[in-house]
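Could you take a look at this one with me? I've jotted down a few notes to go through while you have the picture open.

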Amino acid sequence: CLQIPITLHKELGLDPEGREILKCGFKIGGGIDQDYRKSPQGYTDNGIYVTEVHDGSPAAKSGLRMHDKILQCNGYDFTMVTHKKAVDYIKKHPVLNLLVARKGVTST
Amino acid sequence: METESVKSALSEQSSRSRRSRSHTHRNNHRLHSNRSTRSTRSHRKGDDPMAPFQTSVTLSDENRDGQEVIEVQILPQDDNWGENTTAVTGNTSEQSEVEDVGGGQWPGEPDTGFGFVCHRYVGSVLTAVLSVAAFLSPLAMVVLPKLGFFPALNPGPTVGLQQRLQLLSCGAECKGLLVSLAFKLVLLAAGAWAIFLRRPRATMPRIFLFRAAVLVLVLVCTFAYWLFYVVQVTEGAVTSATGEEAVDYKSLVAYSSSLTDTLLFIHYLAVVLIEIRHLQPTYYIKVVRSPDGESRAYSIGQLSIQRAAVWVLEHYYTEFPIYNPYLERLPVSKSRKGGSSFKFYDVDGMNNSSMQQSQSRAMLAAHARRRDSSHNERFYEEHDYERRVKKRKARLITAAEEAFTHIKRLHNDQVPAIPMDPQEAAQAVFPSLARALQKYLRVTRQQPRHSVESILAHLADCLSHDLTPRAFLEPFLVPAPVLQNEKEQKPVQTWALICEELLSRPISHGITFQLRQNDVSLLCHIRALPHFNITEEVVDPKSNKFVLRLNSETSV
């Protein structure tokens, strides 16, 4: 499948407790410890999927779309990770170099 | 009740010190005769196939004032007992006999005899006399003037015949009062019969405060009413002669009606104090039986210490399992050797004195280590014992079931059967489960409790009621409650109550008292139940909504 490279620069935001953190602006779901059959979006495997992209967020600006599957993040393979690990990796770096796969996009 | 000997804590302690420990009881001449016939008796028992050849127990429970004198010879168990061996092997272990106390009763524990009977019944007799007197007073007050008991009212110089008739006449209102009086008396009689006319459950050492208070009240009330009555009648007769206000019959009837009312209210108070007050649970009582550690916890209301003791005994006899004194030491199978012996060697031939010191220290250490490892022995012993009990129990149940199928077939076969009544059927069926039953009873040390006759009677009973084998086996498998043991079903059971507080004081938090009988002692601790604070928590029904927890999504 085609791997779409996306570079995401995080922006400063406030987390629910009021502290300043770097936010990307999207939600992920999935992971090898999750059951993809229970996903409401109907995903077909245990990969990490983008389930929501907030408007005006760095994710939207960088071209990330909903239902994208993240294949790599900063060189780290995301096709066989647990959910928690995926979250940790994403939160680690301020700039994310993602490789995503999108349904229906097979060629540039 | 007030006059009887008071069993205070102090006297209990002194009698306790005189009482000797468990298996050394004082006894009287009869035991000597038992000794002489023991050998013959065990041979005689050899004829009965059920007889425990190698375990003979002589129980002499003729009037020992509530003490069982038990002599037990536990001979080594031989699994071949079922065959006809008539030899009584050696190795008997007998209980030691203490010196003979010449035929006298156990001091301080009268179970029979005039003193006890007096103590037991004086309270009830007094109550009965007083109650009957009080009950008959209204009747007497109404009837006596008519019968002419009061000379002042008789026709004579002071009271003319016409006046007497007028005084004693009974109009409509008076008749109404008489009817109501009659009904009230009937109600009072019915109430007293329902609640109070019964054999007292217990004889208590101190006075029963509530009952005494009620009786005093009844006495005072009756006395006061009679006093005023007599004064009224005689004064009234006198005043009627002089033409002043006289007392007429209607007021006398009204007077005795008010006496009946008062008696009814006293009856109500008695019911509340004696029957109802202690029903609401206020305290938590924990009863621990001493030799084997069985315990139960109950909730109890407000009672005096002696009444609480009676209450505890009621529950003890109906809920606690039977105490088996033979199970104090678990029967060890003969294959196990004794504990390991600790050997130490003289390694170096050193100084004697220092060697002795180190020897003694080594001995102490050895003893300590032996004690540490004895818990291991206990664990394995208990485990082993439980396995054996389970094995024999399984065999017993199988044997019983087989035996019972025999008897069913005998019932169903119409043609060749000789109809037998239950006793004969029991005797016919019994031998096939006798061996398994006997082995089970031996392993659980229950044989002294069940004799052949009682087992046969029980079996006949079960057969006549169409019970299943397991129902027949229930009294042997479940040794509870205490009253199931026929030896405990005596008309009078004596227990000694020991407490630091005065026995007629009410129980309160932190009180501990002890009940003793022979080896068994029940220690009771009382704690107050907490006051419950129930708060209301309102749950908003709108918050009763749920969201599906999906494949968890995290926002980053």
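Here are my points, starting with chain A and then moving to chain B.

1. A quick word before anything else: this is a predicted model, so keep that in mind as you read the numbers below.

2. Let's start with the make-up of chain A. You'll find two helices and eight strands there.

3. How much of chain A is buried? Of its 108 residues, 42% count as buried. The accessible surface of the chain is about 6,300 Å², and carbon and sulfur atoms make up 52% of that surface.

4. Still on chain A, have a look at which parts of the sequence meet. Among contacts with a separation of 6 or more, 59% are between residues 24 or more positions apart.

5. Now over to chain B and its cores. The largest nonpolar core holds 31 residues, and B:Tyr229 and B:Tyr249 have the most contacts inside it. Helices 3, 5, 6 and 7 of chain B each put in at least two residues. Helix 7 is the top contributor, giving 10 residues. Apart from this core there is another one, of 30 residues, and B:Phe430, B:Ala436, B:Leu437 and B:Leu473 are among its members.

6. Just after the helix, B:Arg445 has a positive phi of about 55 degrees.

7. Is B:Gln446 buried or exposed? This residue sits in the loop between helix 10 and helix 11 of chain B. Its relative accessible area is 4%, so B:Gln446 counts as buried, the cut-off being under 20%. Setting aside neighbours within four places in sequence, B:Gln446 touches B:Asn324, B:Leu441, B:Phe476 and B:Pro479.

8. Last stop: the surface. B:Val117, B:Tyr121, B:Val125 and B:Val129 make a nonpolar patch of about 340 Å². Pick out B:Tyr121, which lies in helix 3 of chain B. Why does B:Tyr121 count as partly exposed? Because its relative accessible area is 37%, which falls between the 20% limit for buried and the 50% limit for exposed.

Technical notes:
Residues are numbered from 1 along each chain as its sequence is written. Chains are lettered from A and ligands numbered from 1 in the order in which they are written. This is a predicted model: local features need pLDDT of at least 70, side-chain atom pairs count only at pLDDT 80 or more; totals for chains, interfaces and linings use all residues. Side-chain values use heavy atoms; hydrogens and water are left out. Helices (H or I, at least four residues) and strands (E, at least two) are DSSP runs, numbered from the N terminus. Buried means under 20% relative accessible area, exposed over 50%, partly exposed in between (1.4 Å probe, protein chains only). Contact means heavy atoms within 4.5 Å. Accessible areas come from the Shrake-Rupley method with a 1.4 Å probe; for residues, only the protein chains shown count as cover. A nonpolar core is a set of buried Ala, Val, Leu, Ile, Met, Phe, Trp, Tyr and Cys residues joined through side-chain atoms within 4.5 Å. Patches are made of residues with over 30% relative accessible area and no salt bridge: like charges are joined within 9 Å, nonpolar side chains (Val, Leu, Ile, Met, Phe, Trp, Tyr) within 5 Å. A salt bridge is a side-chain nitrogen of Lys or Arg within 4 Å of a carboxyl oxygen of Asp or Glu.
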